[in-house]
Amino acid sequence: MSKPIAKVLGGPTGHFPVEAEIIGYLANTWSVPTLLILFATGWVVILGATNFLVKRHNPTLGSGDKAAILWFVLTGTIHLFFEGYYSYNHTKMAGQQDFFGQLWKEYAWSDSRYLTSDPFVLCMETVTAFCWGPLSFCVALMITLEHPLRHPFQALVSLGQIYGDILYYATSMFDHYHKGVTYCRPEAYYFWGYFFFMNFIWMVIPGYLLYSSIEASGRAFQALAKQSKVGQNNGLVKKKN
């Protein structure tokens, strides 16, 4: 394949960079609309069941907290099961033909590193799956129970997600601009729709939740300081009397 043609079509499988070694690749048998419909249907069921359970166990919970619970259940499920699937099957992703495998191969048009066992992507996804995944479910439970440790753990998980996203973007952009290596096909929707937008969600929502937790923690320490000061003043008054 000549270089000008390769720049448009990609390597033997159509992925970039042209020289990427993607062993045992099998093209998807399900269409993109089918994959998206099945994916969306799964989320309707999971989030619907979560909303039902939350209303049953804590009917007085505010709408903001309910939305946060749904988010942490959503992100926890994606981390633990979807990204965990990649972590476990990374050596054979190119030939996987089950539902998760085909979803990953569709996404890989925007980042072929997922089909080549890239060390950074593998390590990042493994930490995300088995650390932030279970902790997301813990945070959802803490919010439901109005546990006092909700905000420290919410901040921890949110910061971890943002940090992982920044490194994910940065390593790809570094290779693109510094090494001239591109992992995404040239079609704009792969870059902006898959690579950028789908990951940017984990910058925006965790960013808001991190800010919310920092603000809540600040208010808690401020109230504690005021209470402590009042207690000290009352103690001084009693001593004088």
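F82 is buried, at a relative accessible area of 13%, where buried means under 20%, exposed over 50% and partly exposed in between, for a 1.4 Å probe and protein chains only. The model is predicted, so that local features need pLDDT of at least 70 and side-chain atom pairs count only at pLDDT 80 or more, while totals for chains, interfaces and linings use all residues. Residues are numbered from 1 along each chain as its sequence is written, and side-chain values use heavy atoms, with hydrogens and water left out.

The count of aromatic pairs comes to 27, a pair being rings of Phe, Tyr and Trp (its six-membered ring) whose centres lie within 6.5 Å, with planes under 30 degrees apart counted as stacked, over 60 as edge-to-face and the rest as tilted. One of these is the edge-to-face pair of F82 and F100, at 5.2 Å centre to centre and 75 degrees between the planes; it links F82 in helix 3 with F100 in helix 4 (residues 99-107), 18 residues apart. F100 is partly exposed, with a relative accessible area of 26%. Y86 and W104 form a tilted pair, 5.5 Å centre to centre with 50 degrees between the planes, and this pair likewise links helix 3, which holds Y86, to helix 4, which holds W104. Y86 is buried at 0% relative accessible area, and W104 is buried at 4%.

The charged end of R113 sits over the ring of Y183, 5.1 Å from its centre, and K105 lies over the face of Y25, at 5.6 Å from the ring centre; the criterion is NZ of Lys or CZ of Arg within 6 Å of the ring centre and within 35 degrees of the ring normal.

Key
Helices (H or I, at least four residues) and strands (E, at least two) are DSSP runs, numbered from the N terminus.
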